[in-house]
Amino acid sequence: MRLLPAPAGSGIVFRRTDLDNFEIPAIGRYVAKVSYATSLMRQGVLIQTTEHLLSALIGMGVDNIIAEVDNLELPILDGSAQPYVEAFLSVGIRTQRRRRESIRVLRAIEVREGDKFIGVYPGSGYSIEYTIDFPAPVGRQSASVDLAAETYGSAIAAARTFGYQADEKKLRDMGLIRGASAENAIILGPQGPVNGPLRLDGEYVRHKVLDLIGDLALAGRRIEGHVVAERAGHAMHTALVSRLMKDRSAWELAHVPVAAEPASTAETNAELPIPVLVGA
Ligand SMILES: [Zn+2]
């Protein structure tokens, strides 16, 4: 895949180079089906597994970009957002003249489904509180991340996706983990990871935060508010996006104040200055 700079106001756009450069903007309206990954579809054209790239873009403050892909799936890379972050750092990020808009949450929006829950609340900056409860060896884990104070690169980007060895055959039969391996996921045995040590404390829940940031990017702009998620997943994340998009009285478009951002790119849009190849 190739990531290209884009003019201010373009947002994040996927381009299928194998289909006459057909474009699919990364916005909630095009969310297709959601199970183990998030997919977008426009006029029958699919783009699958969008969440890790979108997460890295929000985390690194890139607003405008064209992501060229020559098939229907984004590369899984190492199962985290780290390779994207490294690609962005290697080419640099250029600020643009137009001011950055964010979605400032004005009142609570909540989605509950059985014991799964997700809600977004007014708050300055962008903070996330996530709790997961998976079978052993993961168990119950929580993480609180303040994207305004903590850097995405050190706290979130490196967290890899994970899967249970016991589920592997079932998932492979369903065609869901084509190419999944010890190189692109934490593989879990009964006692813990079977492919080496974890990269981060709480890597499992941090990966869910990574996914959440990527899925909420489909709101079209960075969120300004506090998100709480419990046992959620891609379906709950994207349900929150559509609920938010439908309820126009729950948020306003705002310009992000400088103090809420760690980088000097705070009040501008940002793009990549030159194209970058990832996972080619
Ligand atoms: Zn993921």
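**Helix crossing and sheet: worked exercises**

Helices H1 and H2 cross in the right-handed sense, a term for a near helix turned clockwise from the far one by less than a right angle, with anticlockwise being left-handed. This is a predicted model, in which local features need pLDDT of at least 70 and side-chain atom pairs count only at pLDDT 80 or more, while totals for chains, interfaces and linings use all residues. Residues are numbered from 1 along each chain as its sequence is written.

**Exercise 1.** Describe how H1 and H2 cross, and state which residues make the contact.

*Solution.* The axis of H1 (residues 51–60) comes within 9 Å of that of H2 (residues 82–91), and the two cross at roughly 45 degrees. H1 is therefore oblique to H2, since angles under 35 degrees count as roughly parallel, over 145 as roughly antiparallel, 65 to 115 as roughly perpendicular and the rest as oblique. From H1 the contact takes His52, Leu53, Ala56 and Met60, and from H2 it takes Tyr84, Val85 and Phe88, where contact means C-beta atoms, placed from the backbone, within 7 Å. By class, these residues comprise 6 nonpolar, 1 polar and no charged.

**Exercise 2.** Work out the order of the strands in the sheet, and what packs on it.

*Solution.* The open sheet has 3 strands in the order S4-S5-S6, with antiparallel pairing (strands pair if DSSP finds at least two bridges between them). Strand S4 (31–34) and strand S6 (45–48) are the edges, each pairing on one side only, and the twist averages 30 degrees from one strand to the next. S4 pairs with S5 (residues 38–42) over 2 bridges, and valine 34 stands opposite threonine 38 in S5. Helix H6 (residues 234–246) packs on this sheet, touching S4 and S5, and its direction makes about 150 degrees with that of S4. The hairpin formed by S4 and S5 has 3 residues between the strands.

Notes. Helix = DSSP H or I, 4+ residues; strand = E, 2+ residues; numbered from the N terminus. Axes fitted to C-alpha atoms, helices over the stretch in contact; angles between N-to-C directions. Contact = placed C-beta atoms within 7 Å. Nonpolar A, V, L, I, M, F, W, Y, C, P; charged D, E, K, R; others polar.
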